[in-house]
Amino acid sequence: MIQRFGDIIAVEGTLFDSNMYILGDTIVDTGTGMNPDALLSRMRGAGVDPSDIKHIVNTHCHFDHTGGNRLFDADIAIHSLDADALREGDDARTVAYMFSASMEAMDVAVELGEGDFVGDFEVIHTPGHTPGCICLYDGESLISGDTVFADGGFGRVDVGGDISELADSIRRLRRLDVEYLFPGHGPWVDNGSRHVELAASFLGL
């Protein structure tokens with residue numbers, strides 16, 4: 001599925017690929033890169049020429065969000081705490097091994113931090129799934145990576161994560177007024193704050 005929400009083009013991931021969100025010449029997450037023809041053809045079908053992508057923002061370092069980075073001639077931005085996992089091609093920290101794959105080392109052009117901006121979206125550091133997880137928030141829409149999913153789901157913490165950090169991150173997200181939630185996997189939904197509240201409830205917050 002591909003949908004446009006204002007300036008956001010949402011591209012549903014297939015198989016193990018994360019969802020991808022296109023903001024002008026920037027793509028947020030790129031999937032595994034294991035099905036390049038399918039990914040690039042879907043982008044073209046949405047009216048986006050892959051060669052026009054100049055910037056990649058990764059919500060965290062896991063392979064199902066970053067493996068496709070190599071398909072684009074674009075600068076990579078990721079939180080500073082996850083940057084070395086990409087630079088070193090670390091199969092453990094990127095969990096590439098879980099996909100029977102190997103992570104190639106990548107240059108990171110920008111190390112993101114709390115309060116930075118990607119266009120109109122502010123970077124919110126939301127550790128828990130990985131140390132360097134981020135969300136992007138523009139006052140209405142939340143691109144949440146694997147921090148929170150629709151219906152109250154959230155990213156696993158048994159592969160380098162921390163449940164207490166995740167709980168703190170969900171507490172922070174509860175304070176936001178989220179109309180549209182764009183997660184790393186699964187459906188994007190409206191009434192996003194309700195889905196964040198569900199995650200908080202599941203965590204006993």
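**View 1. Strands β11 and β12 side by side.** Strand β11 (residues 141-145) runs parallel to strand β12 (residues 180-183), and four bridges hold the pairing. Ser141 has Tyr180 of β12 as its bridge partner. Strands here are DSSP runs of E with at least two residues, helices are runs of H or I with at least four, and both are numbered from the N terminus; two strands pair if DSSP finds at least two bridges between them. A word on the model: it is predicted, so local features need pLDDT of at least 70 and side-chain atom pairs count only at pLDDT 80 or more, while totals for chains, interfaces and linings use all residues. Residues are numbered from 1 along each chain as its sequence is written, and side-chain values use heavy atoms, with hydrogens and water left out.

**View 2. The six-stranded sheet around that pair.** The order across this open sheet is β8-β9-β10-β11-β12-β13, and the pairing is mixed. β8 (117-118) and β13 (189-190) sit at the edges with a single partner strand each, so one side of each has no neighbour in the sheet.

**View 3. The seven-stranded sheet.** This one is open and mixed too, ordered β1-β2-β3-β4-β5-β6-β7. At its edges are β1 (2-5) and β7 (110-112), each with a single partner strand, so one side of each is left without a neighbour in the sheet. From one strand to the next, the twist averages 20°. Zoom in on strand β2 (residues 8-11) and strand β3 (residues 20-23): they run antiparallel and are joined by four bridges. Ala10 stands opposite Tyr21 of β3. Helix α3 (residues 80-87) lies across β6 (75-79) and β7, at about 130° to β6.

**View 4. Helix α4 against helix α5.** Helix α4 (residues 163-174) packs on helix α5 (residues 192-202) at about 145°, with the axes 9 Å apart. The axes are lines fitted to C-alpha atoms, for helices over the stretch in contact, and angles run from 0 to 180 degrees between N-to-C directions. On the α4 side, the contact uses Ile170, Leu173 and Arg174; α5 brings Val196, Glu197, Ala199 and Ala200 (contact means heavy atoms within 4.5 Å). That set splits into five nonpolar, no polar and two charged residues. For the classes, Ala, Val, Leu, Ile, Met, Phe, Trp, Tyr, Cys and Pro are nonpolar, Asp, Glu, Lys and Arg are charged, and the others, Gly among them, are polar.

View 5. The largest pocket holds about 230 Å³ of space. Of its 14 lining residues, Asp7, Ile8, Leu23, Asp120 and Phe121 lie nearest the centre. On a 1 Å grid over the protein atoms alone, a cavity is a set of points where a 1.4 Å probe fits but cannot get out; a pocket is an open set with protein on both sides within 12 Å along at least five of seven lines, and lining residues have an atom within 4 Å of a point. Grid points are joined across faces, edges and corners, and a volume is the space filled by probe spheres set on the points.
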